[in-house]
Structures are given as C-alpha cells and as structure tokens.
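Subject: Structure for your review

Dear colleague,

I am passing on the structure we discussed, and I would be grateful if you could look through it alongside the notes in this message.

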Amino acid sequence: MKPTATTHHFRLTFPTSRHGAHTARRAAERWLADQQDCPEVAAGDEAAATASLLIAELTANAALHGRVRGRLALTLTAGTLRIEVTDARGDRLPAPTRDADGESGRGLLLVASLADAWGCEPHHPGGKTVWAECARRKPALKGGA
C-alpha cells in the first residue's frame, strides 16, 4: 500500500505596511511551529530559520512595493515548503541587484541564496506573486544513530 502524501496550507491577507508584513511573518512562524508536531513535515531549526527569513523578505517587499493588501500563502509537504506572496503591483517585477549603493534589490539576493528555487508569476488582474521554495530536510539524529 502506497503512503498518502499530506499537504498543509496557510493563507493570510495582510495590509501592505511594515506592521502588516511583520504581523504576517509572525503568524506564519506560529503556524510553521505548530506543523513541527506532524512527523511527515517536521524539520530542524535551520529550516524554520530559513523559512522565517524568506517570509520576512517577501512580505517586506510586498509592503514596500505593493498596494492596499498582500497575500501570504504557504504550502507545506513532506519534501517542500512553498512560500507565495502576492501584491497588486504587477508593473514592479522583482529584480535582485548587486549594486551596494542601490535602494532596493539586495534582499532578493538573500532570497536567491537561501531558497532552493524562486521566481515571479503574473497574478490576475494586474498583480504578481513572488514565490520561493525550500526543501524540507529532516533533522539529523543525535548520537549518530
């Protein structure tokens, strides 16, 4: 008999403000912590820290560049966490920059280095969804067993 794969979902709409982005990140962190009790999705502290940084960066970008409301969606499976942040600014596509004097774009370098994959998709009727995926690695067993 083939085991069934379990998928967990989290969705939250947040105001595109610094406070809204912070509140969305904290709610997502609490939800992810609650998922640690599920053996099929449990991962170590490093995975949680990486997820938190990615969520913080993507929601902060939506707050900075978006309009009105943003949407945070997490999809968690045994192998992957997918983070999606949608905002209404389809005309402002994300582009990482290595320009140390630039006003923005450096956070996306962090996203690119931490995520196993990331990208941007149009969101009808005129917004965009920026997404990042992280492989969920089981914590190492202590004592070498």
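Below is a description of the sheet, the core and one leucine. Please keep in mind throughout that this is a predicted model.

The sheet is open and consists of five strands in the order S1-S2-S3-S5-S4, with antiparallel pairing. Its edges are formed by strand S1 (8-15) and strand S4 (117-123), each of which pairs on one side only, and neighbouring strands are turned against each other by 15° on average, with direction ignored. Between S1 and strand S2 (residues 69-76), which run antiparallel, there are eight bridges. Across S1, S2 and strand S3 (80-87) lies helix H1 (residues 18-35), which runs at about 165° to S1.

The largest nonpolar core comprises 24 residues, and those with the most contacts inside it are Leu32, Leu72, Leu74 and Ile83. At least two residues of this core come from each of S1, H1, helix H2 (45-65), S2, S3, helix H3 (106-114) and strand S5 (127-135). Leaving out residues up to four places away in sequence, leucine 72 touches a set that includes Phe10, Leu12, Ala28, Ile55 and Ile83.

Leucine 12, which is located in strand S1, has leucine 72 as its bridge partner in S2. Because its relative accessible area is 26%, leucine 12 counts as partly exposed, the cut-off for buried being under 20%. Apart from neighbours within four places in sequence, leucine 12 is in contact with Ala24, Ala27, Gly70, Arg71 and Leu72, while 8.5 Å separates its C-alpha atom from that of alanine 28, 16 residues apart along the chain.

With best regards

Terms used
Residues are numbered from 1 along each chain as its sequence is written. This is a predicted model: local features need pLDDT of at least 70, side-chain atom pairs count only at pLDDT 80 or more; totals for chains, interfaces and linings use all residues. Side-chain values use heavy atoms; hydrogens and water are left out. Two strands pair if DSSP finds at least two bridges between them. Helices (H or I, at least four residues) and strands (E, at least two) are DSSP runs, numbered from the N terminus. Axes are lines fitted to C-alpha atoms, for helices over the stretch in contact, and angles run from 0 to 180 degrees between N-to-C directions. Contact means heavy atoms within 4.5 Å. A nonpolar core is a set of buried Ala, Val, Leu, Ile, Met, Phe, Trp, Tyr and Cys residues joined through side-chain atoms within 4.5 Å. Buried means under 20% relative accessible area, exposed over 50%, partly exposed in between (1.4 Å probe, protein chains only).
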